[in-house]
Amino acid sequence: MLSARTIYGEIFDNDEAFGLFCSIAASGETQGGWENGRIAALVPGSQADLAPKIARHGADEDKHGRIFTALLRKRGLEPVPVPADADYTMRLEAAGIGLAHARLRREEQLTEADIVTYLAHSRVTEQRASEQMRALHRYAGDRPDIARAVRVISHDEDNHLAYCHEELLRLAPDGYGAVIRATLRAAALAEITIYRDVSLAVMGHLGRILGWPRPKSAALAAGIRAVYAYERLGGWRRMVSLRMPARCNALGGPVPAQPSHA
């Protein structure tokens, strides 16, 4: 049977597969935490009010990385290296989605245009994250430890998506409307291709660990390609629309305290 619940169940029940799954997730979240932390530190003065919200975004991502690592260690497992072809965040960076890491490592203030780019790219990737976490929570419903952890992450991802909508709508009337639309479209079309390729790579690695027969792997790959075809034909548009969220100022409030250890 090839239901999503069954596939996730196989992954959750196998230590090696679960280790790879959580390691990939933890690595991506931790990388996102670093990126947002650097952006918060380099926000231009004209957008200073955004700095604490971006910092909170980064703190949330760091927390998510720790949550996935904690799930591993609760099973007596340690994180494993993430295969390059399965590294979603680094493949996004290599494709030019988001601000370049070389730029973020410099102690040079960002521009307003950089902030617009960051928010537009985040609006696309947070759409994906929000959808993935909701699905994961649905399929992990009978596994309390995983479900509790994913529920926390899912709530945060929804807040991140709401924040991106709100801030882009705030900036659009300031002469950035056309740039926002163009950046959103380019980022969405690039992201759906990267997501397809990374999904195929992850399924390939998990299939080898779990010993999936060739027909099963082929069927899952066909499903991934079918999702890509839908997104390429128009599904990507859900990633570029902007609407005022039901919850405004979703990332307002104090930045969560960070742990004192690495």
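The model is predicted, so local features need pLDDT of at least 70 and side-chain atom pairs count only at pLDDT 80 or more, while totals for chains, interfaces and linings use all residues. Residues are numbered from 1 along each chain as its sequence is written, and side-chain values use heavy atoms, with hydrogens and water left out.

A pair of aromatic rings is described by the distance of the centres and the angle of the planes. Five aromatic pairs are found in the structure, where rings of Phe, Tyr and Trp (its six-membered ring) pair if their centres lie within 6.5 Å, and planes under 30 degrees apart count as stacked, over 60 as edge-to-face and the rest as tilted. One of them joins Tyr-8 and Phe-21: the centres are 6.2 Å apart and the planes stand at 85°, so this pair is edge-to-face. It links distant parts of the chain, with Tyr-8 in helix α1 (residues 4–13) and Phe-21 in helix α2 (residues 15–41), 13 residues apart; helices here are DSSP runs of H or I with at least four residues, numbered from the N terminus.

Tyr-8 is partly exposed because its relative accessibility is 22%, whereas Phe-21, at 19%, counts as buried. Buried means under 20% relative accessible area, exposed over 50%, and partly exposed in between (1.4 Å probe, protein chains only).

Phe-12 and Phe-18 also form an edge-to-face pair, because their planes meet at 80°, with centres 6.2 Å apart. Both Phe-12 and Phe-18 are buried.

Technical notes: Helices (H or I, at least four residues) and strands (E, at least two) are DSSP runs, numbered from the N terminus.
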